[in-house]
Structures are given as C-alpha cells and as structure tokens.
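Thanks for coming, everyone. Let me put the structure up on the screen, and then I'll walk you through it.

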Amino acid sequence: MKNSLSDHCLNYIESDEENEEKVSNLDEDDGTYSDSSSHSSMEFRQQSKPNSYTTSWPQSYRQSIDLYSSVPSPNIGFLGNSPLSRFGSSFLSSSLIQRHASDVTKPLLPTTADGQHHHQKHSSHSLLPPVPSRKPSSLKKVDSEYKPSIISHEFHATPDSTFGQAVINGVNVLCGVGILSAPYAVKQGGWLSLSILLVFAILSFYTGLLLRHCLDSAPGLQTYPDIGQAAFGSTGRIVISIILYMELYACCVEYIILESDNLSSIFPYAHLNLFGYELDSHLLFALAATLAVLPTCWLRDLSLLSYISVGGVIASVLVFLCLFWVGLVDQVGFVSKGSQLNLSTLPVAIGLYGYCYSGHAVFPNIYTSMANRSQYPAFLLTSFMITTLMCAGAAIVGYLMFGESTESQFTLNMPSNLVASKVAIWTTVVNPFTKYALTMSPVAMCLEELIPSRHLKSHIYPILIRTALVISTLLVGLTIPFFGLVMALIGSLLTMLVTLILPCACFLSILWEKVTYIQVSACVMIIAVGAVSSAFGTYSALSKIIESLT
C-alpha cells in the first residue's frame with residue numbers, strides 16, 4: 001500500500017467541527033431537503049455502523065445484488081463520471097475487482113457513503129465495483145468509535161427508490177426466462193395445473209411480507225443472509241447464502257442452454273471442425289455464447305450492464321406480445337384442446353411454476369432501498385399481479401397454439417419465417433448477454449472474499465475465479481442441456497426453499513414471542529406445501545434428467 005493507515009483515516013474522516021459546519025450550511029441552503037431526509041440520514045447512520053451482520057461472510061451480497069436487480073435512479077446520467085465514460089478502461093488490470101491487504105480482525109465496512117466514495121476514488125483495488133451514489137446524504141458526521149477501515153466490501157445507499165422503480169425491479173427479477181417455459185408447464189401438468197401458479201403467487205406474496213417483518217425486527221438487517229443470521233446464527237447466514245448463490249449460478253447455466261437452443265434453431269446447420277472435433281450447432285453456439293459473456297464477467301464496473309439489464313422487463317413484455325401476435329394477427333391459430341391433468345408429470349410443472357416466483361433473494365434489498373417503505377405491500381402486490389398475468393397469459397396462449405408439441409421454450413415452436421417470431425427469438429437471445437455477468441458477479445464476489453490475505457493484491461485470482469465459474473456453467477449446460485428440466489429442478493430444489501420454506505422458518509424463529517396463532521398456522525402450512533412440492537418436484541426433475549441422459 002502506498003499510503004499509511006493514518007493517511008487513509010485522515011482522508012476518510014473530517015473533524016467533528018467541520019462536519020457540523022457542513023451540515024449546518026446544508027440545512028440553511030435547503031431546509032426542506034434537510035427535514036425530508038432526516039429520517040433516512042439517521043437510519044443510514046445506524047446501518048453504516050459495523051456490526052455482526054455487516055462484517056460476516058458474505059459481505060459483498062448487498063452491493064452485488066443491488067447491481068443485479070436495481071433500476072438506477074433517474075438523476076444519474078451518462079455524462080461526466082458516468083459508467084459509460086469509464087467503460088473503455090474497465091477491463092483487466094485497471095478494472096479487475098481486488099481488495100487491499102489488511103488486518104482481518106478489523107471491521108470490513110466503511111462507515112459512511114462519503115468515506116466509501118473517497119476510497120473508491122483513490123483506489124484501484126476495491127473488491128466491489130463502484131456504484132454511483134443515489135442521493136447525497138445530509139449526515140456527514142461520523143462517530144469516532146466507528147472509523148472506517150480501508151477495505152470497501154459493501155455498499156449502503158440512502159433510501160430513495162420510488163414505487164415505480166421498485167415495481168420495475170420486482171418484475172425484472174420475477175418475470176425473466178421463466179415465462180418462456182410457462183406453456184411447457186401446462187403441457188406437463190395439464191390445464192388444471194394453472195391453479196398451482198395462482199396458489200404459488202398467493203403464498204409467495206405472503207412470504208414476501210414476512211421478510212419485511214423480519215427486516216423490521218432489529219436494526220442492521222438489510223439482506224436475506226442478515227435475516228438468516230438473525231434467525232439461526234452464523235450457520236443460518238452461511239447456509240442461506242450458499243442456497244442463494246446456487247440459485248444464481250443455476251440461472252447462469254440456464255442462460256447458456258437458452259442461447260444454445262435458440263441460436264441453433266435459427267442456424268440449425270451451423271457446424272465447425274475444431275482440431276478434428278466436429279461441433280454441431282448446439283455445441284458451437286454454447287461455446288460461442290460462453291466466450292461472448294466471459295469478458296463481461298471480468299468487468300470491474302458493472303453499472304453499465306445494470307442500466308442495460310433493465311431492458312429485461314421490456315424484453316419479457318415484447319416476447320409476450322410477439323406470442324400473441326403470432327397467434328392472433330399471423331393466424332397461426334388456437335386449435336389445441338390439451339389434457340386437463342397429467343398426474344405423472346405434474347411435479348415437473350410444480351417446479352416450473354415455482355421458478356416464476358424466484359425473486360425473494362432481492363426483495364429485502366428492494367425494501368431497504370425504498371423511499372417510502374409503507375408502499376412495500378403495494379409493490380409486492382403489483383409485481384406479483386403483473387408477473388402472474390404475464391406467465392398465465394403466455395401459458396394459456398402458448399399451449400393453445402402448440403398443444404402437446406410445446407417445447408421447453410415457446411420461442412422454439414414459433415414459425416421461423418414470421419417477423420414476430422424473429423423478434424421474439426432474437427430478443428430472447430440478446431437479453432441473457434446483459435444479465436449473465438450481473439447474475440454471476442455475486443457468486444464470484446463471495447468467493448473472492450475467501451482469497452488469502454497474502455494474495456489480495458494479485459490480479460490473477462479474480463480472473464481465475466470468474467473464468468472457472470463461466471467455464472463450469474458451460475460444462476454443466478452441455479452435460480444436462482435440458483432447459484425445462486433444469487428449470488424444474490431449480491424451481492423445486494432451490495426456489496421452494498428461498499421463496500416458501502425459509503421466509504416462514506426465519507419469521508417464526510425471529511418473532512416467535514410475537515406471532516399469533518393464525519400466523520403460526522399459516523407458516524406451518526406454507527412450510528409443508530413447500531417441503532412436499534420440493535420433494536416431489538426434485539425427484540421428478542432428477543428422474544427425467546437421468547432418463548434423458550441414458
């Protein structure tokens with residue numbers, strides 16, 4: 001390190017008198033802003049103090065999930081110090097995500113947004129990519145006993161997310177690639193299985209509310225792993241974090257399979273002879289997609305991708321509309337009657353429906369970033385209604401159009417000669433390229449926290465970790481290239497835990513002395529539903545995968 005610890009502390013912390021003068025001047029300049037932000041400032045001050053939640057692994061969860069799921073504030077532009085202006089210098093040695101070596105016993109969090117911003121400005125070895133501050137905080141005074149360390153591991157933003165931004169964030173997370181398999185879910189379960197989609201929507205909405213009660217139960221709780229630690233100690237935090245990271249990793253595997261399936265449907269005769277090995281279209285495009293997303297995973301500043309990934313909502317709506325257009329305007333027609341109930345494959349449908357509501361990992365982040373947290377129930381209700389209507393609509397229309405020939409992604413059934421089909425397929429192909437790095441980044445960051453202190457300054461370890469993760473998703477995707485079955489496995493094994501079982505278990509553990517009999521009964525019922533659905537869905541999905549491989 002070029003600067004000493006005392007130099008850093010002098011850079012980070014102003015004297016109390018200077019801070020008081022600045023706060024006083026700010027109040028005089030804009031008294032309205034001071035009054036309106038006082039609550040947020042005090043809350044931000046409380047959250048910024050190091051505690052057992054903010055100094056336990058994974059410390060990178062908050063910021064990495066914010067990048068993965070958040071719509072940037074509209075007051076952030078693309079000029080000046082924007083992500084776009086820094087894009088050209090954001091690769092490799094000048095941009096790789098690194099940490100400073102430091103005493104591991106010291107708190108690993110800066111205590112103010114101002115201190116963290118200053119550190120990011122003067123250091124090229126920060127573990128986490130810098131995120132533009134969402135709103136200037138009027139509270140700059142820092143208690144002397146909470147001096148920041150020189151490592152920047154986590155980002156805490158003052159609450160300023162509007163209701164509209166929160167809804168877009170929620171729909172962007174919930175209504176992803178799951179909508180593509182909605183018709184396939186009806187094929188697997190029959191028309192009556194659509195009731196399961198509605199039941200999961202209601203239960204998931206309720207468990208989303210439980211997460212809010214958990215966050216409000218104690219100061220300092222901000223993320224899902226924090227809730228796990230409050231409920232079950234350090235073991236709970238680690239177990240829940242691993243489950244969440246497994247879900248994100250599995251989504252990246254799905255992206256590779258999706259790219260391979262859709263691109264090979266566009267160019268079915270593409271092939272390549274490489275060192276004597278003949279690569280068919282599926283293998284070729286899986287490899288090409290992996291090579292295309294690999295450099296984006298080396299980016300230090302992912303905020304540009306965060307802007308672009310907001311288009312995921314637009315992409316989902318566009319693909320949804322293209323499906324209707326093909327059926328109604330292009331007159332492909334709705335001719336299939338379909339089956340009412342398929343008991344033998346119903347568990348697969350359960351996993352597919354469950355996957356449509358795999359957004360609970362980011363709901364705590366959205367809640368803690370909302371300017372008006374009393375709107376959280378309305379945000380949840382709106383997000384779930386939009387997602388349910390889109391998934392149910394796609395399921396009904398897709399199954400009516402394609403019937404028993406419905407593929408795991410309805411884009412594979414759409415006639416390739418139609419303009420609407422081409423728009424839907426290419427939208428499906430492009431969208432994962434903006435989301436892959438954002439989805440993989442939390443997994444990579446949590447592993448980079450485990451790098452031994454003697455190797456913290458080396459650039460090679462983040463490269464190796466991220467490259468290994470990307471290549472591993474390719475290998476897994478090529479080993480089990482079954483988009484629908486992998487999604488059913490994720491929905492049954494992981495989403496049931498994250499969405500139904502764990503929120504209820506954490507709620508009962510944290511607030512046991514305050515819960516009512518009705519709440520206990522509801523939680524026990526939801527845990528039972530989640531456990532049964534997970535057991536049958538996981539067994540069925542694994543059986544189908546093994547059967548397909550043999």
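Let's begin with a term: a salt bridge here is a side-chain nitrogen of Lys or Arg within 4 Å of a carboxyl oxygen of Asp or Glu. Side chains of opposite charge can pair when their charged atoms come close.

Before I use that, two housekeeping sentences. This is a predicted model, where local features need pLDDT of at least 70 and side-chain atom pairs count only at pLDDT 80 or more, while totals for chains, interfaces and linings use all residues. Residues are numbered from 1 along each chain as its sequence is written, and side-chain values use heavy atoms, with hydrogens and water left out.

Okay, so how many salt bridges does a search of the whole structure find? It finds 2. In one of them, Arg 466 pairs with Glu 448, and their closest N and O atoms are 2.7 Å apart. That pair links distant parts of the chain, with Arg 466 in helix H17 (residues 460–479) and Glu 448 in helix H16 (residues 419–448), 18 residues apart. When I say helix, I mean a DSSP run of H or I with at least four residues; a strand is a run of E with at least two, and both are numbered from the N terminus.

Arg 237 has 3% relative accessibility, so we call it buried. Asp 226 is likewise buried, at 3%.

Now let's zoom out. The protein chain has 19 helices and 2 strands. Of its 550 residues, 57% are buried. The accessible surface comes to about 22700 Å², and carbon and sulfur atoms own 65% of that. Those areas come from the Shrake-Rupley method with a 1.4 Å probe, and for residues only the protein chains shown count as cover.

How about contacts, meaning heavy atoms within 4.5 Å? Take the contacts with a separation of 6 or more: 86% of them are between residues 24 or more positions apart.

Ser 181 is buried because its relative accessibility is 1%. Leaving out residues up to four places away in sequence, Ser 181 touches Leu 352, Ser 408, Phe 483 and Met 487. Its C-alpha atom is also 8.8 Å from that of Ala 394, which is 213 residues away along the chain.

Next stop, Thr 538, in helix H19 (residues 517–549). Thr 538 is buried because it has 12% relative accessibility. Its side chain reaches the backbone oxygen of Ser 534 at 2.6 Å. Not counting residues up to four places away in sequence, Thr 538 touches Leu 489, Ser 492, Leu 493 and Ser 533.

What about cysteines? A disulfide is a pair of cysteine sulfur atoms within 2.5 Å, and by this rule the count is 0. Cys 175 is buried, with a relative accessible area of 2%.

Leu 272, Leu 274, Phe 275 and Tyr 277 make a nonpolar surface patch of about 480 Å². Patches use residues with over 30% relative accessible area and no salt bridge, joining like charges within 9 Å and nonpolar side chains (Val, Leu, Ile, Met, Phe, Trp, Tyr) within 5 Å. Tyr 277 lies in strand S2, residues 277–279, and counts as exposed because its relative accessibility is 60%.

Terms used. Buried < 20%, exposed > 50% of the residue type's maximum accessible area, 1.4 Å probe, protein only. Polar contact = N/O pair within 3.5 Å; in protein donor to acceptor, adjacent residues only side chain to side chain. Contact = heavy atoms within 4.5 Å.
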